[in-house]
Protein chains: 4
Amino acid sequence: MKKESVDRFSVSLPPKLLKQFDTMAGEKGYDNRSLAIADMMRDHLVEHRQKFGAEEIAGTITLVYDHHKSHVQETLTDIQHDHHEVIISALHVHLDHHNCLEVLVVRGPAGQIKKISDALIAAKGVKHGKLTVTTTGKDLAG
Amino acid sequence: MKKESVDRFSVSLPPKLLKQFDTMAGEKGYDNRSLAIADMMRDHLVEHRQKFGAEEIAGTITLVYDHHKSHVQETLTDIQHDHHEVIISALHVHLDHHNCLEVLVVRGPAGQIKKISDALIAAKGVKHGKLTVTTTGKDLAG
Amino acid sequence: MKKESVDRFSVSLPPKLLKQFDTMAGEKGYDNRSLAIADMMRDHLVEHRQKFGAEEIAGTITLVYDHHKSHVQETLTDIQHDHHEVIISALHVHLDHHNCLEVLVVRGPAGQIKKISDALIAAKGVKHGKLTVTTTGKDLAG
Amino acid sequence: MKKESVDRFSVSLPPKLLKQFDTMAGEKGYDNRSLAIADMMRDHLVEHRQKFGAEEIAGTITLVYDHHKSHVQETLTDIQHDHHEVIISALHVHLDHHNCLEVLVVRGPAGQIKKISDALIAAKGVKHGKLTVTTTGKDLAG
């Protein structure tokens, strides 16, 4: 297997911060500081890029709601079908007799996805909702 | 003003990732790579130190990875099966020939879920991952 | 040969469905609609009479429906929540503006799962449904 | 709400068969014989149409496998990514420490889907697999 090329550079940090970072990296399961820094950079790149409306993003929208509340499901499904071209699929888990957790996998222009997410989370009967933005993987270096 | 002491160390990164990071740092107004990395580390430390205890949470873990990277899938599946009692199910979307998005629906003690999530995100080959914590709905008024 | 006695009754169907059925019956070689219906009934009786007892099975229930049909979603969700202990999760795909495909992963006593499946498929607004029985893997050699 | 138009026609059946059918329809939860016959017709139409290779179908592929068997996951993922344009998403449930149930939602030309399904089910390590064909809902009268 060909070794992947790397760029090597040096970083200067307050000693205490470096120590705290190394402790955290260990707790997260990294045994290599460069890998931990690389993952952290990718995380910030994903977050930074979601501010640009037309950029294509992938992500998930997590919703918890009580399906007995009047019309909550109809409302959520109507919003989803109006945007079925960016909603790849939805996974529904029955937490108990009342509560549902639904997670939608979405992919499309950041601006449109933000708007759908806002509408779903604001829907009456939704107890809690969160948009998690990630990447389509294409334009993020491995 | 006394100069603060610093620790100097070297980091190895894929060249393309380093370039993407430098561009972002410039857009954010940093003219010094070490300062940008220091701020990013502090940001992650704040997030990492949120307390995750014995209370029951529900949530999702979103992962993007290149399934062609050696053993990434085996690693992810092994971690998941070791904790199958808290992972309700996983939804897998094939983004393109290389990239997968996988979202796991989890439910259990917060501390255990944080640990699984850290292990999955740190796994080699995972480009980006995020734990989204929500509620089981039971103790949250509708 | 003695003429066999028959019961005569009337059926009301959407005109388009009746036309599609007649076309299929013709393609299958029937020249008599009653005979085609009789054979179809016998086919379903054979399937229905498979024994579903107390043994544990795993399986999937696949449903296609038009979510605009009045109350179909509410009905399906109510049935699912009444049996949330055997329904592990449900995956929902938005096929187009009208049509949904939903697949439920189920695990539990065969008899109970057959009953839930029958109720979901018979729900008004469901165009097509199928129970696929598989194994929990435990008692099947690899 | 506008009443939907229906075609009314009469059917002649052996009395015993009609009685058995009515019993089954009752057990399945129908309280209207015409609705039970309509659902049965749609089921046969879906099955009949899957014989035509180029027709677009939707469906699910259910697989049970032991993820510890060497390379089974890599094989399954490689097949899936080679056909990612017809595989909408996959739901993965961890049945126990060894066994996985995976259900794929597929949509595309009947011939291609049959071929993918055969390849997945034949893969070494898969204990049991089933293709369930349904409809995209578009060309099936409601």
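1. Two strands are taken to pair if DSSP finds at least two bridges between them. The notes below concern a predicted model.

2. On that basis, 8 strands form an open sheet with antiparallel pairing, in the order β5(A)-β2(A)-β4(A)-β3(A)-β3(C)-β4(C)-β2(C)-β5(C). Its edge strands, each pairing on one side only, are β5 (126–134) of chain A and β5 (126–134) of chain C. With direction ignored, neighbouring strands are turned against each other by 15 degrees on average.

3. Within chain A, strand β3 (residues 87–94) pairs with strand β4 (residues 99–109) in the antiparallel sense, over 7 bridges. A:His94 has A:Cys100, in β4(A), as its bridge partner.

4. Helix α3 (residues 72–82) of chain A packs on this sheet. In chain A the helix touches β2 (56–66), β3, β4 and β5, and in chain C it touches β3 (87–94) and β4 (99–109). The direction of the helix makes about 170 degrees with that of β2(A).

5. A helix–helix contact involves chains B and D. Helix α3 (residues 72–82) of chain B packs against helix α3 (residues 72–82) of chain D at an angle of about 120 degrees, and their axes are 9 Å apart. Angles from 65 to 115 degrees would count as roughly perpendicular and those over 145 as roughly antiparallel, so α3(B) and α3(D) are oblique to each other. Their crossing is right-handed.

6. Which residues meet where α3(B) packs on α3(D)? From α3(B) they are B:Gln73, B:Glu74 and B:Thr77, and from α3(D) they are D:Gln73, D:Glu74 and D:Thr77. By class, the residues of this contact comprise 4 polar and 2 charged, with no nonpolar.

Key. Residues numbered from 1 in each chain as written. Chains lettered and ligands numbered in written order. Predicted model: local features only at pLDDT ≥ 70, side-chain atom pairs only at ≥ 80, totals over all residues. Heavy atoms only, no water. Axes fitted to C-alpha atoms, helices over the stretch in contact; angles between N-to-C directions. Helix = DSSP H or I, 4+ residues; strand = E, 2+ residues; numbered from the N terminus. Parallel < 35°, antiparallel > 145°, perpendicular 65-115°, else oblique. Left-handed = near helix turned anticlockwise from the far one by under 90°. Contact = heavy atoms within 4.5 Å. Nonpolar A, V, L, I, M, F, W, Y, C, P; charged D, E, K, R; others polar.
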